[in-house]
Each structure stands twice: as structure tokens, then as C-alpha cells.
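Dear colleague,

I am handing over the structure we spoke about, which you will find just below. Please read the notes after it with the structure open beside you.

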Amino acid sequence: MTKRNEPAPLVLCAEDHHELRDDLCDELREAGYRVIEASHGEEALAHLKAMPDIILCDITMPRLNGYALLERVRSDFPQLADTPFIFLTALSQRYDVIEGKRMGADDYLVKPIDYDLLLVTLEARLRQVNRMRTKSTEELDHLRQGIHHLRTDNSQKAFEAAKSALDMMAVGVVLLNDKSQPLLTNRAALRLNLGQAPFHQVPSLERLSNASSRQLHQAIREGIHANHQHKEHNRCLRLSRLGEYGMKPDMTEVSDLMIFISSLANGAGNADAPAVVVMLIDPAQRVQLPEPMLAELFGFTPTEASIAMRLADGQRKEDIADQMEVSPTTVAFHLRNLFQKTDTRRQAELIAMILAGSISLNIEA
């Protein structure tokens, strides 16, 4: 079930009938799981801080029923976004099953409980979570490879290696030369449906608004100017997009697009060399990486994980210091640790890795 030296998965079992709860917990412990017991929904809610690996929950519980507990987990505990939630209930009608899954339950087991089916279901859901986390780790490895090639070598061979690595990322990436011409557009960027230059290679189904397009071009010009001076320049934007018919007033605006722009500090004079990297993220397709998972991937402390997530959301270091009620010097100290633990040298590379991990959670195993 688990790798050697790893703790057994932790199951939160919420069931108000104590005899059934005792039987469930005995079966789970005998199968090798660690178990937390809860006799009602409010007690289960209090146990969520233990970060269970899977939640088993009755529906008709006192004080806080299963539906309400599920709603609280999905709305108030983003760090449990990938934690499977399984209903155990005597409500076996088709409507009840559909309603439970519509609310976000991952599975629905009907009483009386078939314990063999229960254990197989738990194993399958935990395998699915492990596949998602493995995918996230692989995504970060591909990103590291692409950044390493671009940082150390401008040859055609390095470009091909970078494109191969970047094509495996779920974050959209466009590399521009110092004339704002695209040198490389990865597959994820092509799927984002942008029609504005310098992204004219991207299919035009959803477009940036005129104001957003001007803002984007200004940020790119600033990045190219910084590149000419061998300086690092980072900019994070949230740009609005319009529907297919552009400025028609009856068209509703679609979700904003998050764009991160960074100069590559290569200097000017080589039209084949990338000057600016543009990373494109559709927040509608992004599931925020839970901070505990981010900490696990990189070995971050909780404070480092919180700062890293705020950077990825486009917040400035000064604003992060204000929100966390620490000094800018403290944020800078943690930022140095983040660079060291991710083997990056610049804020652009760090943010790219965090965004890649966030996006990859939304890829179904």
C-alpha cells in the first residue's frame, strides 16, 4: 500500500452509528490504514487539520450532515483539493447518488457496506492521487530541463531540446526575440486560443480585449528593453479576454488570462536568440496547488510555501510582507531559500515551476 518508511494513509471516518463506525475502523486498521474517528460532522470538521489522505463520510449525521461537510471541505480547505471524499450511506436511490457526486463526492458506497469493495475503492482512489502527484513532479522536471537549456545554450540543438521539454508542460510558453517575433510556441500556448500579435500563430477563437492587448505589448517592450541592457525584468499581468465577436456589447467577457513576462538577459544583436519568455495561464483551467503539496514537492517550510504561492499569484514582495505581517527583509530571506531549494536563480524560473505544478493538477490521470 505504501513505500517503505512512509506512513500508512490516514483515513477520516465520519459515522454517527458507533457500532458500524467501530466495524469500519477495525477493518481499515487491519488493512494497514491509520484512522481518525468522528461521530458527527462537526467533529469531522475539527479533524481536517490532521490532513487525512481520504475521507469516508455518512450523509445523515447530526449537527453537520455529510453534504454540509463535503461543501465545507471543497470550499474552505483548498489544501485538501485532491483528497478523495467517499459517501457511505443507506440512501441508495439514483437521485441520491447523482446529487452526492454533483456536490463533489468522488465515490458513493451504499450500506450495508461491502468491505472488500470498500478497500478496493480506497486503493483505487489513492492510486489516482499518486498518479496526479507523479504527473506534477514530472511536469516540474520538464520545466527545469527547458529552462536549463535556454539558460546555458542558444544553439539550434538546445532549442530543439527546450521545445521538446516545454511541449510537455501544461503552462503555455512563448519565446520572443528582440523584435517581438515568436521563436518558439509550445503546445499548451497553442491551445489557449489567442489571436493577437505577437501570438498570431495561436488559433483565434478567444481574443484579448484592446486595452489588454496594449498592456501586453507594453510589458513585452519593457522586457525587450531590459534584455538589451542585460537586466532581469519580471512582470505579471491579469488580462481580460472577449468572446469571438470582440467588442460586441452583448457578448459576455470570458475569464481573465494570467500572463508572466520575463526578460532572459541575453543582450541584443541575435535575432535567433530568445529575449523574452511569456508564460500563459488560464485561471479557469488552473487548480491551485495546495501549499502542503508544494512544500512536499520542494521541501519548503509552510512559510516558504505561502510566499511561493503568493509570488505565483502575481503579488509583489512588498505586498506579501504586508499581508503576512513580516518585514521585506524576512521575505527576501525566504526567497533566497526558495531559489536554493528549487535550483533556480531568478524569480521568473521559480514562478514558472510553481505555475507548472498548479496546472498539472488539473490533468486527469
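This is a predicted model: local features need pLDDT of at least 70, side-chain atom pairs count only at pLDDT 80 or more; totals for chains, interfaces and linings use all residues.

Residues are numbered from 1 along each chain as its sequence is written, and side-chain values use heavy atoms, with hydrogens and water left out.

**Cysteines**

A search of the whole structure finds 0 disulfides, a disulfide being a pair of cysteine sulfur atoms within 2.5 Å. For Cys 13, the closest cysteine sulfur is that of Cys 25, and at 4.2 Å it is too far away for a bond. Cys 13 has 0% relative accessibility and counts as buried, where buried means under 20% relative accessible area, exposed over 50%, and partly exposed in between (1.4 Å probe, protein chains only). Cys 25 likewise counts as buried, at 0% relative accessibility.

**Salt bridges**

The whole structure holds 8 salt bridges, each defined as a side-chain nitrogen of Lys or Arg within 4 Å of a carboxyl oxygen of Asp or Glu. In one of them, Arg 63 pairs with Glu 42 at 3.3 Å, N to O. Because Arg 63 lies in the loop between strand 3 (54-58) and helix 3 (66-76) while Glu 42 lies in helix 2 (residues 41-47), this pair ties together parts that are 21 residues apart in sequence; helices (H or I, at least four residues) and strands (E, at least two) are DSSP runs, numbered from the N terminus. Arg 63 is exposed, with a relative accessible area of 59%, and Glu 42 counts as partly exposed at 40%.

Another salt bridge joins Asp 107 and Arg 125 at 2.9 Å, N to O, and here both Asp 107 and Arg 125 are buried.

**Negative patch**

On the surface, a patch of negative charge gathers Glu 19, Asp 22, Asp 23, Asp 26, Glu 27, Glu 30, Asp 114 and Asp 116. Such a patch is made of residues with over 30% relative accessible area and no salt bridge, like charges being joined within 9 Å, and Asp and Glu count as negative. Helix 1 (residues 18-30) gives the most to the negative patch, with 6 residues. Asp 116 is found in helix 5 (residues 115-152) and counts as exposed, at 61% relative accessibility.

With best wishes

Conventions: Patches are made of residues with over 30% relative accessible area and no salt bridge: like charges are joined within 9 Å, nonpolar side chains (Val, Leu, Ile, Met, Phe, Trp, Tyr) within 5 Å. Accessible areas come from the Shrake-Rupley method with a 1.4 Å probe; for residues, only the protein chains shown count as cover. The place of a charge is taken as NZ of Lys, CZ of Arg, CG of Asp or CD of Glu.
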